[in-house]
Amino acid sequence: MKAAIQDGEFRIDGKPFRILSGEMHYFRIPRDCWEDRLRKLKACGLNTVSTYMPWNLHERVQGTFDFSGRLDIHSFLELADGLGLKVILRPGPYICSEWEFGGFPAWLLTIPGLRLRCSEEQYLECVRRYFEAVFREVREFYSKNVILFQIENGYASYGNDMEYYRFLKKLVDDSGYENVVIAADGDSDSRISTAVPPGVWRTLMCGRENPVPQLEFNQAEQPDMPQLIIEYWNGQHMATGEPIRLRDPKQIVNNLEKALEWGAHINLYMFHGGTSFGFMNGSMKTFNGWYTQLVSSYDTCAPLSESGDVTELYRMYRTLFAKYNPEFSADTPIPEDSRKCAYGEIPLTEFASLSGNLDALSTCTRTSASPLTLEEVGGDYGFVRYTTHLVAQNFPLPVTLIGYQDRGWAFYNGKKIARFGQGKAEFTIQTGHGGTLEIVIENMGRSNFYCSIENNRKGISIGVQLNHQQFQHGWTTAAMPMEDLSRVKFAPFPENSVPACPGFFRGKFFIGGDVADTFLAVPSGRCGFCRINGILLGRYDWQGPLHTLYLPASFLRKGENIVEVFEYESLERPVVVFLDHPLGVLRLE
């Protein structure tokens with residue numbers, strides 16, 4: 001297979017080919033659901049699937065690569081090829097995608113002098129090593145179904161280092177790839193007009209309005225090229241505390257038809273959003289302190305729902321694509337949606353306090369004069385813990401965290417004395433005869449967008465100030481990834497009492513028959529995260545917009561199942577509920 005642009009047309013093996021693509025991310029989908037989602041993509045009238053690749057999961061530990069399980073890109077491409085689908089591969093190194101740190105591994109923040117997304121030598125070497133690992137996994141498909149290879153992502157919204165851009169293009173060329181290399185840019189003239197390396201097809205991101213003016217502008221910039229909307233947005237990210245912003249499906253389809261009538265190639269973003277399982281939700285943050293945490297769901301109002309169900313938008317798209325894909329028939333059967341089950345209310349009967357299990361949860365412990373960031377002690381996701389000894393004072397002692405992000409708690413001699421959120425972290429201690437101060441801070445999600453992404457170190461980056469005038473020295477810093485609870489000590493609690501949070505609640509439930517997809521709610525919970533059978537599902541927050549977490553059937557098992565809830569504030573009624581549908585707060589745009 002040979003993909004190329006010839007005489008202003010995109011062609012495969014010399015024949016014109018209309019790219020009708022949908023985006024889905026293998027790493028956001030349970031592996032056993034890949035085939036179902038790909039078959040539904042094809043049954044919608046699409047002929048291509050597009051996917052990002054998350055550097056921070058594939059190389060979570062520097063120099064160690066993981067392409068197993070849900071990260072097995074080779075098997076995903078093989079499955080797509082078997083179904084006759086072409087592929088757009090988008091490995092980054094930066095992907096944005098409302099994903100933790102835009103796909104960058106946290107260890108990049110520990111390399112002195114390294115600068116992201118530019119031609120700084122240390123960064124280029126890290127990118128080269130990552131890309132070479134990617135090439136080993138995907139090179140086989142250059143001649144099978146990978147028709148487009150994207151370098152970087154929305155770079156015109158960040159920088160203009162052409163040496164860096166050319167470096168990426170050369171890496172791809174030197175890997176033996178001979179098909180089309182693309183760049184993706186944003187939805188305004190100032191970003192669209194940024195240069196790309198020679199031989200790179202510049203593509204668009206848009207979708208809120210009629211895309212034809214942007215297509216015409218880009219056509220004027222590259223008159224000998226066809227036009228591809230690499231991200232036609234049919235939804236938008238979801239942020240904590242903000243309603244889900246739904247767009248009118250009819251308007252989405254009408255705007256898309258205008259682009260198709262104009263002659264554009266299309267990639268729907270997203271076709272199926274899936275879930276940012278674990279702590280992989282990103283955030284958005286600016287230099288002036290504004291911060292918003294994104295949610296674990298990546299549904300984005302896509303044609304296929306988070307659980308893979310067909311939506312109204314899917315059926316409308318299917319009718320539209322039947323007009324533009326001559327190899328597709330609107331009579332093509334659609335695979336059935338998965339079975340859902342409401343397993344009901346499950347009591348949480350055991351509890352383990354955070355303060356009583358700090359040692360059990362801590363790893364990568366280091367001592368130093370000043371507090372270290374989460375990244376400096378070898379951590380990446382979860383929490384970071386700081387321990388120091390305070391001497392006695394004869395007055396209430398003000399304590400201020402300097403260079404602090406996110407939210408956390410302070411414990412003095414084992415007792416919680418403060419909780420602090422975004423912004424200022426200050427509290428007062430009655431030191432008595434002196435004692436141990438513990439500070440635990442959450443990584444709520446590193447920013448995945450804006451020029452502030454280098455300002456993503458978590459925990460305390462400067463120090464802890466006493467009485468507004470003196471730094472406290474002598475610290476032990478430890479990572480708390482919250483991934484292994486095997487050493488945590490749970491104990492039953494009286495039926496009519498509610499343990500003091502933060503802490504872990506645990507319950508067990510049994511499934512007698514075949515397992516099914518379900519949705520997990522913590523009805524009286526304020527804020528926290530959930531685990532099922534040792535798998536970290538994601539975060540919940542009473543502010544919404546979603547009030548359930550999607551739980552795939554493959555995470556459950558016939559027989560006994562264990563659910564764990566880590567609640568930050570209070571859990572007045574210690575139960576979880578399993579529903580057969582999601583709950584959310586919606587708003588029409």
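Predicted model: local features only at pLDDT ≥ 70, side-chain atom pairs only at ≥ 80, totals over all residues.
**Entry 1**

I read an open sheet of 6 strands in the order 27-16-28-33-30-31, paired antiparallel. Strand 27 (491-492) and strand 31 (535-541) sit at the edges with a single partner strand each, so one side of each has no neighbour in the sheet. As a reminder to myself, strands of a sheet pair through backbone hydrogen bonds, either parallel or antiparallel.

Next I went to strand 28 (residues 503-511). Is strand 28 enclosed or open? I found 7 of its 9 residues buried, so strand 28 is largely enclosed by the rest of the structure.

I then checked the partners of strand 28. Strand 16 (residues 350-353) runs antiparallel to strand 28 and is joined to it by 4 bridges. There I picked out Phe 351, whose bridge partner in strand 28 is Phe 505. With strand 33 (residues 559-567), strand 28 makes 9 bridges, again in the antiparallel sense. Ile 511 is the residue I found opposite Gly 559 of strand 33.

Strand 30 (residues 527-532) pairs with strand 31 over 6 bridges, antiparallel. Phe 529 faces Arg 539 of strand 31 across that pairing.

**Entry 1: helix 9**

I looked up the span of helix 9 (residues 312-324). Its 13 residues reach 19 Å from first C-alpha to last, close to the 18 Å expected at 1.5 Å a residue. At the start of the helix, I noted a side-chain oxygen of Thr 311 within 3.3 Å of the backbone nitrogen of Leu 313.

Which residues of helix 9 are buried? I listed Leu 313, Tyr 314, Tyr 317, Arg 318, Leu 320, Phe 321 and Tyr 324. What covers them includes strand 4 (20-24), helix 1 (34-43), strand 10 (228-233), helix 8 (249-262) and strand 12 (265-272).

**Entry 2: salt bridges**

How many salt bridges are there? The count came to 36. I looked at a few of them.

Arg 90 and Glu 231 meet through their side chains at 2.9 Å, N to O. The pair links distant parts of the chain, with Arg 90 in strand 6 (residues 86-90) and Glu 231 in strand 10, 141 residues apart. I wanted the burial of both ends, with under 20% relative accessible area as the cut-off for buried. Arg 90 is at 1%, so it counts as buried. Glu 231 is at 5%, so it is buried too.

Arg 446 and Glu 100 form another salt bridge, at 3.0 Å, N to O. Both sit in loops: Arg 446 between strand 23 (435-442) and strand 24 (460-466), Glu 100 between strand 6 and helix 4 (121-138), 346 residues apart. I have both Arg 446 and Glu 100 down as buried.

Definitions and conventions: Residues numbered from 1 in each chain as written. Heavy atoms only, no water. Buried < 20%, exposed > 50% of the residue type's maximum accessible area, 1.4 Å probe, protein only. Helix = DSSP H or I, 4+ residues; strand = E, 2+ residues; numbered from the N terminus. Pairing = 2+ DSSP bridges. Expected span 1.5 Å × (residues − 1). Contact = heavy atoms within 4.5 Å. Polar contact = N/O pair within 3.5 Å; in protein donor to acceptor, adjacent residues only side chain to side chain. Salt bridge = Lys/Arg side-chain N within 4 Å of Asp/Glu carboxyl O.
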